[in-house]
Amino acid sequence: MVRLFAKNILTAVAGTLLVSSVASAKVYVNSVCHMKTSASTKEIKGDGDIAKKFPLASISKIVTSLWAVEKLGVDYRYKTILHMTPTANGKMDIHIEGSRDPMFGRNMSYFLISELNRMKITSIESLTFDENFLMHWLAEESPLIGGVTPKYDTIEQQAAVVRKHLTEYFATAINQSMYTNLRSKATKNNVFMLEKPKISVRAVEFVPKAKYQKDQLTASVVLKSAPLRMLLKRMNNQSNNYIADNLYWNLGGTTAFNAFAQATLNATSSQIVFHNGSGNNEGTTANPVYNEASCETMIKAIYALNKALTAKGYKLSDVIAVANKDSDSTVDNFGGVASGAMVAKTGTVNKAKTLAGSISTKDGEFFFAILLHADMDQNSSDRGVASQMIKNKVAQMINNRSGPRAISYTEFIPLAFDTGSYLAEYNTISTAPSVSLNKQ
């Protein structure tokens, strides 16, 4: 095995940090590896056992991002179809035909309400939805960002939650302060939203796709999500478990993932094992179950993701946060030589602290992964020890390569919608009523 760092250096750094923690703390390097992006041999070098699986925590989201990009395409948009039928009392019945958009929550709902108002729809008589309409009001908020993603054993269980959220949140008064904040962000992205939209809904019900029937007066419009790359950027910035897990399930779950890992990464279960898309504990507190992969497999994943992005004219920084430059991200506190020179995803679970991505140095660009063991369930101070240890490793990698070279990057705001999301006609029947779709 080619070693990037001499063992005595690793031991010295780890030893200094461990002395500052409590006696029972256990924080140490499992594996550190890297590969120069321009190297023709694609040789992965490192320290520790770079071929052995270790818990990944939230750097799992890099692999989930790769799978989504490969299967759906970086510019893929989820399409939510609204079938609208005028009622005798001058209101509107709307049936939602979903696409399992993993980011459909408060923000997308507020945008949709604004769009409905723009079409002069402020009152809905009957709002129905099918089994493919995946919606959780807190999709981009706590506790779903870092918590356990809801799992539904049946369609009926999922439908009950969606109905509850539509009834108790979508159909009630808008939180004007949160709406104003969202509208401000949308304006910066050149997205039009009304100043004070409102909606009233008389009834909300689940209607399976197979049972829904259009009326001859039904008009259909489509609400498109922002491109997948924007959803991934939001997911990775926030380290959003809800988005990651639902992406993973939407893409086919563990059986499909295993096939993807073999085909794309040439990795078997001895090199990578996934249980979800987020890296969160899939077991219990007493018996945790985590996604695991080897350091070299993570390098392969980052390399493959970068290759897929550059083929479409994008960069890693379009889907992963830039250190100290993306203010809403988990790497916004990486200063020093890493600031503006590292694109990375953090990871934290009770048994591991991790970081993976790329560094830009005067000696070139390198993909890297750092996998630490950290018994953070034993003592909370271990979290700080592990965090500092990772920052030291990053600084060491950059300084050993003649120092940082800032990447070209301007922070942008990834939202669930963009200028391509405005409601637009979709398979409109010729006898349907005329609906104005022009912005006002």
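**Exercise 1. Decide whether Asn 237 is buried or exposed, then list what surrounds it.**

Step 1: Asn 237 has a relative accessibility of 0%, so it counts as buried; keep in mind that we're working with a predicted model. The cut-off for buried is under 20% relative accessible area.

Step 2: Asn 237 belongs to helix H6.

Step 3: Collect its contacts, skipping neighbours within four places in sequence. That leaves Ile 320, Ala 321, Asp 326, Asp 328, Ser 329, Thr 330 and Pro 414.

**Exercise 2. Work out how enclosed helix H7 is, and which helices its buried residues pack against.**

Step 1: Name them. The buried ones are Asn 241, Tyr 242, Ile 243, Ala 244, Asp 245, Asn 246, Leu 247 and Tyr 248.

Step 2: Find the packing partners. The buried residues of H7 pack against helix H2 (60-72), helix H6 (228-238) and helix H8 (253-265).

Step 3: Follow one residue further. Tyr 248 also belongs to a cluster linked by ring pairs, together with Trp 67, Phe 257, Phe 260 and Phe 274.

**Exercise 3. Describe the largest nonpolar core, starting from the residues that touch the most other members.**

Step 1: This core has 95 residues, and Leu 116, Phe 170 and Phe 417 touch the most other members. Helix H9 (residues 295-310) gives the most to it, with 9 residues.

Step 2: Zoom in on Phe 417. Leaving out residues up to four places away in sequence, Phe 417 touches Asn 107, Met 108, Phe 111, Leu 182, Ala 186, Val 191, Met 193 and Ala 226.

Step 3: Look from the other side. Phe 111 sits in helix H3 and, at 0% relative accessibility, counts as buried. Beyond its neighbours within four places in sequence, Phe 111 contacts Val 191, Phe 192, Met 193, Leu 223, Phe 417, Ser 421 and Tyr 422.

**Exercise 4. Take the Tyr 110 and Trp 137 ring pair and say what geometry it has and which parts it ties together.**

Step 1: The model has 17 aromatic pairs. Tyr 110 and Trp 137 make an edge-to-face pair, 5.6 Å centre to centre with 80 degrees between the planes. For the class, you need the cut-off: planes over 60 degrees apart count as edge-to-face.

Step 2: Locate both rings. Tyr 110 is in helix H3 (residues 106-118) and Trp 137 in the loop between strand E6 (123-129) and helix H4 (155-170), so the pair ties together parts 27 residues apart in sequence.

Step 3: Check burial. Tyr 110 is buried at a relative accessible area of 2%, and Trp 137 is buried at 3%.

Step 4: The charged end of Lys 391 is over the ring of Phe 334, 5.4 Å from its centre. Arg 401 lies over the face of Phe 366, at 4.8 Å from the ring centre.

**Exercise 5. Find the strands that pair with E4, and name a bridge partner for each pairing.**

Step 1: Start with burial. Strand E4 (residues 79-86) has 6 of its 8 residues buried, so it is largely enclosed by the rest of the structure.

Step 2: Go to E8. E4 pairs antiparallel with strand E8 (residues 219-224) over 6 bridges, and Ile 81 has Val 222 as its bridge partner there.

Step 3: Go to E5. E4 also pairs antiparallel with strand E5 (residues 92-97), again over 6 bridges, with Asp 93 as the bridge partner of Thr 85.

Step 4: Inspect the turn. The E4 and E5 hairpin has 5 residues between the strands, and Gly 90 takes a positive phi near 85 degrees.

How values were computed: Residues numbered from 1 in each chain as written. Predicted model: local features only at pLDDT ≥ 70, side-chain atom pairs only at ≥ 80, totals over all residues. Heavy atoms only, no water. Core = buried A, V, L, I, M, F, W, Y, C linked by side-chain atoms within 4.5 Å. Buried < 20%, exposed > 50% of the residue type's maximum accessible area, 1.4 Å probe, protein only. Helix = DSSP H or I, 4+ residues; strand = E, 2+ residues; numbered from the N terminus. Contact = heavy atoms within 4.5 Å. Phe/Tyr/Trp six-rings, centres within 6.5 Å; stacked < 30°, edge-to-face > 60°. Lys NZ or Arg CZ within 6 Å of the ring centre and 35° of its normal. Pairing = 2+ DSSP bridges.
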